[in-house]
Structures are given as C-alpha cells and as structure tokens.
Amino acid sequence: PGKGADGSPTRGLAGRALDAVGGEVTDVMFSVSLWPDPPDGDGGGGGADASATTEHVLCPPKQVVADQGTITGSVEVPTSGAVVLRWSNSHSWVRAKLVATYEITIS
C-alpha cells in the first residue's frame, strides 16, 4: 500500500478492484521464533551443536484478523538469542496488507 496526502495507507488500483469484488481482507499470519546464541567457547568458527544455528518455533503461525480486536499473548524464551516476530502475508500474496499498529512488552 502507498500513502495518501494525510499519510494514511492507500491501496493501488488492483487492490481496490479486489476489495470491490471480494471485500477487504484483514488477515495475516503471526509467529514467534528463536535463533539461539551459539554455545560458549564456539567463537563463531563452526563446529557448534546444529541446534544452536537452527530456528526454534516458539509460537507456530496462526491467523490473526483485524476484526478480532486487540489480541494478546505471551511466550517464554528458554535461552538467549534473537527472537523473531513474524507477520506474514505469504498465504495471500496477491492482496497487500498493512500492520497498522502493534505493541510489544518485554518483561
């Protein structure tokens, strides 16, 4: 989506045509994954346990629809590393989607 003069998201001609025919679509898939830090002493030179360089799914992909309102949840991260929050539109790549707002709290 592009942006209008006021900064609000706009749809292109194809997106507006699809919305007119099939209605506006507001669903995306959401998931959480962890890429753990390598074990101590590895130094990044390889030879580490393969699980240290593998994505660990903490919350499998689930469909989230804007009509559901505010959606909350939590996940416990078992070790240090990079946590990836993923909003995906791969199931509907013809229809562009925009995640307008989200809030993340880390405790």
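Colleague: Where is Val84 placed in the chain?

Modeller: Val84 is in strand β5; strands are DSSP runs of E with at least two residues, helices are runs of H or I with at least four, and both are numbered from the N terminus. The model is predicted, so local features need pLDDT of at least 70 and side-chain atom pairs pLDDT 80 or more, while totals for chains, interfaces and linings use all residues. Residues are numbered from 1 along each chain as its sequence is written, and side-chain values use heavy atoms, with hydrogens and water left out.

Colleague: Why is Val84 called partly exposed?

Modeller: Its relative accessible area is 26%. Buried means under 20% and exposed over 50%, with a 1.4 Å probe and protein chains only, so a value in between counts as partly exposed.

Colleague: Which residues does Val84 contact, leaving aside its neighbours within four places in sequence?

Modeller: Val84 is in contact with Ser31, Val32, Ser33 and Trp35, contact meaning heavy atoms within 4.5 Å. Another residue of strand β5, Ser88, touches Val28 and Met29 when residues up to four places away in sequence are not counted.

Colleague: What makes Glu55 and Arg86 a salt bridge?

Modeller: Their closest N and O atoms are 3.3 Å apart. The rule asks for a side-chain nitrogen of Lys or Arg within 4 Å of a carboxyl oxygen of Asp or Glu, so the pair qualifies. Glu55 lies in the loop between β3 (27–36) and β4 (56–65) and Arg86 in strand β5, so the bridge ties together parts that are 31 residues apart in sequence. By this rule the count is one salt bridge.

Colleague: How exposed are Glu55 and Arg86?

Modeller: Glu55 has a relative accessible area of 29% and is partly exposed. Arg86, at 36%, is partly exposed too.

Colleague: Why is the pair of Phe30 and Trp87 called tilted?

Modeller: By the ring rule the count comes to two aromatic pairs. In the pair of Phe30 and Trp87, the ring centres are 5.2 Å apart and the planes stand at 55°. Rings of Phe, Tyr and Trp (its six-membered ring) pair if their centres lie within 6.5 Å; planes under 30 degrees apart are stacked, over 60 edge-to-face and the rest tilted, so this pair is tilted. Phe30 lies in strand β3 and Trp87 in strand β5, so the pair ties together parts 57 residues apart in sequence.

Colleague: Is Phe30 buried or exposed?

Modeller: At 19% relative accessibility, Phe30 counts as buried. Trp87, at 35%, is partly exposed.

Colleague: How do you know that the rings of Trp87 and Tyr102 are tilted?

Modeller: Their centres are 4.9 Å apart and their planes at 45°, so this pair is tilted. Trp87 lies in strand β5 and Tyr102 in the segment after β5, so the pair ties together parts 15 residues apart in sequence. Phe30, Trp87 and Tyr102 form one aromatic cluster.

Colleague: What makes Tyr102 count as exposed?

Modeller: Tyr102 has 56% relative accessibility, so it counts as exposed.

Colleague: How are the elements of the protein chain arranged?

Modeller: From the N terminus on, they run β-β-α-β-β-β. Buried residues make up 17% of the 107 residues. Of the contacts with a separation of 6 or more, 67% come from residues 24 or more positions apart.
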